[in-house]
Amino acid sequence: MPLLILVVDDNPGIRLAISDYLELSGYSAIAAQDGKEALSLLASSHPHLMVADIKMPKTDGYELVQQVRRRPEFRLLPVIFLTERNTTAERIRGYQVGCDLYLPKPFEMEELGAAIRNLLERSQMVQSELRFANSDALPSQTLHSSFGDRPESSSIPLTPTISLHLTKREQEVLDLLTQGLSNIEIGHSLHLSPRTIEKYVSSLLRKTDTNKRAELVRFALENQLVR
C-alpha cells in the first residue's frame with residue numbers, strides 16, 4: 001500500500017498542488033484546510049507523515065503539532081512545516097513544538113519530495129526496530145541452526161550451531177534475499193522503500209561479515225539461517 005501523507009493548508013491551490021505532486025510520486029494524500037480538520041483526519045486515517053502550514057484559522061500549525069505530539073501514537077510522526085513565516089524566532093518555535101523540518105514558502109516541489117523521502121525512510125527504520133525488536137523472535141533475538149530440517153541430499157554443507165542477533169525485520173529481509181528478490185521486490189513485499197531495504201542489507205552484511213549479497217545468501221543457506 002502507498003504511504004499516506006496528510007497535507008494541511010488553508011490555501012486550496014497549495015493543498016491541491018502538493019496532493020497532486022504526492023500522488024504522482026507514488027504516495028497517497030489526504031488534505032485538511034485547518035488544524036482542527038487535520039486532527040480529525042489524523043485520528044481516522046493515521047498518516048505516515050504530515051505537511052502543514054502554520055498560519056491557519058481555528059487551529060494554527062504550532063497548536064496542531066503540539067496536540068499531535070501529546071498523543072503517544074503520533075509522537076514519531078514526521079512533520080514538515082511549509083510557511084511564509086521565516087524568521088529565526090519562528091523557525092526555533094517550530095522545532096520547539098516538534099516539527100522535523102521547516103521549509104519556507106515559496107518552495108520547490110522537488111525539495112519537498114526529497115525531504116519527505118528522507119523523513120519517511122528514517123521513520124520507517126525507527127518504527128521497524130521498535131516494533132520488531134521485542135516481538136516474537138527467538139529468546140535474546142538469537143537464531144540457532146537446526147540440522148533436521150534439510151534433506152540429506154542437500155549439497156549445502158551443514159556447520160555447527162551459530163548465533164546471530166537479528167531483528168525480526170532483518171530476518172524477513174534475509175529470507176526474501178535468499179529467494180532471489182530485488183530491493184524493489186522486497187520493499188513491495190514488506191511495504192518499505194528500496195533504500196530502506198538497502199540499509200537492512202548493509203546491516204546483514206556487517207553482522208555476517210560478508211562483502212556482497214551472493215556471499216550473504218550463501219552464508220545464510222550454509223548456516224541454515226533462513227526459514
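**View 1. Helix α2 passes helix α3 in a right-handed crossing.** Right-handed here says that the near helix is turned clockwise from the far one by less than a right angle. In this predicted model, local features need pLDDT of at least 70 and side-chain atom pairs count only at pLDDT 80 or more, while totals for chains, interfaces and linings use all residues. Residues are numbered from 1 along each chain as its sequence is written, and side-chain values use heavy atoms, without hydrogens or water. Helices (H or I, at least four residues) and strands (E, at least two) are DSSP runs, numbered from the N terminus.

**View 2. Here is how α2 and α3 meet.** Two packed helices are described by the angle between their axes and the distance between the axes. For α2 (residues 35-45) and α3 (residues 61-70), the axes come within 9 Å and cross at roughly 25°. Axes are lines fitted to C-alpha atoms over the stretch in contact, with angles running from 0 to 180 degrees between N-to-C directions. The two helices are therefore roughly parallel to each other (angles under 35 degrees). On the α2 side, Gly35, Ala38, Leu39 and Leu42 make the contact (heavy atoms within 4.5 Å), meeting Leu64, Gln67 and Val68 of α3.

**View 3. Helix α6 (residues 168-177) is mostly covered.** How many of its residues are buried? The count is 10 of 10, where buried means under 20% relative accessible area with a 1.4 Å probe, protein chains only. Among them are Lys168, Arg169, Val173 and Leu177.

**View 4. Stepping back, the protein has nine helices and seven strands.** Of its 227 residues, 46% count as buried.

How values were computed:
Angles under 35 degrees count as roughly parallel, over 145 as roughly antiparallel, 65 to 115 as roughly perpendicular and the rest as oblique. Buried means under 20% relative accessible area, exposed over 50%, partly exposed in between (1.4 Å probe, protein chains only).
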